[in-house]
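Subject: Structure handover

Dear colleague,

Please find the structure below, followed by notes on what was found in it.

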Amino acid sequence: MRYLFAEVSRGYLLEENEQMYTEKQRRFHTFMKTPRELEKLMVFGLFICLDTFLFVFTLLPVRACLAVLTCVYRLVTCCSQSVLEPSQKCDIIRATILVVGSVGLGYLDTSALYHVIRGQSVIKLYLIVFWPPLAKTHWTACTGWPVTGTRATSQLSSTLSSPTSMS
């Protein structure tokens, strides 16, 4: 009978293990809140992507056209001012990249390209091996904050730098 009672009550009484019950309750609430928080993060990411998409395909062409018109106007009127401001130069460069990329991708058979890349195991291995140190370098270069304490990148760097790993 004692065995049956232990199995039904899981071997503990709530009054005796209040701290364990509180910890389990906290874990359960955290587990239940995680999907909701993840959904909020995903919706935020969706809005960021939508904002970028709308900027690139609506505002950027308008800004690039205005920059080109400003450049032509200043060249024709021989203004003593600089031909273009730095932000206008960036707009023209971005629009040029957008147009060249769109036209270039129009001539590619993307499904054939996908299957060629998918079949190459060397590229997969290259990405798996060299992506963490590359990401660490880019993060440090962009933010100025060093990435420390990452076991994967430090082990990988030491493995790749040792002379015995080349053989």
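Cys-71 is buried, at a relative accessible area of 19%; buried means under 20%, exposed over 50% and partly exposed in between, with a 1.4 Å probe and protein chains only. Cys-65 is partly exposed at 48%. The whole structure holds zero disulfides, a disulfide being a pair of cysteine sulfur atoms within 2.5 Å.

This is a predicted model, in which local features need pLDDT of at least 70 and side-chain atom pairs pLDDT 80 or more, while totals for chains, interfaces and linings use all residues. Residues are numbered from 1 along each chain as its sequence is written, and side-chain values use heavy atoms, without hydrogens and water.

The protein has six helices and zero strands (DSSP runs numbered from the N terminus: H or I of at least four residues for helices, E of at least two for strands). Of its 167 residues, 8% are buried.

There is one aromatic pair (ring centres of Phe, Tyr or the six-membered ring of Trp within 6.5 Å; planes under 30 degrees apart are stacked, over 60 edge-to-face, the rest tilted). Phe-53 and Phe-57 form this tilted pair, with 4.8 Å between centres and 50° between planes. The two lie about one helical turn apart, because four residues separate their positions in helix H2 (residues 18-77). Phe-53 is partly exposed at 49%, and Phe-57 is partly exposed at 46%.

Regards
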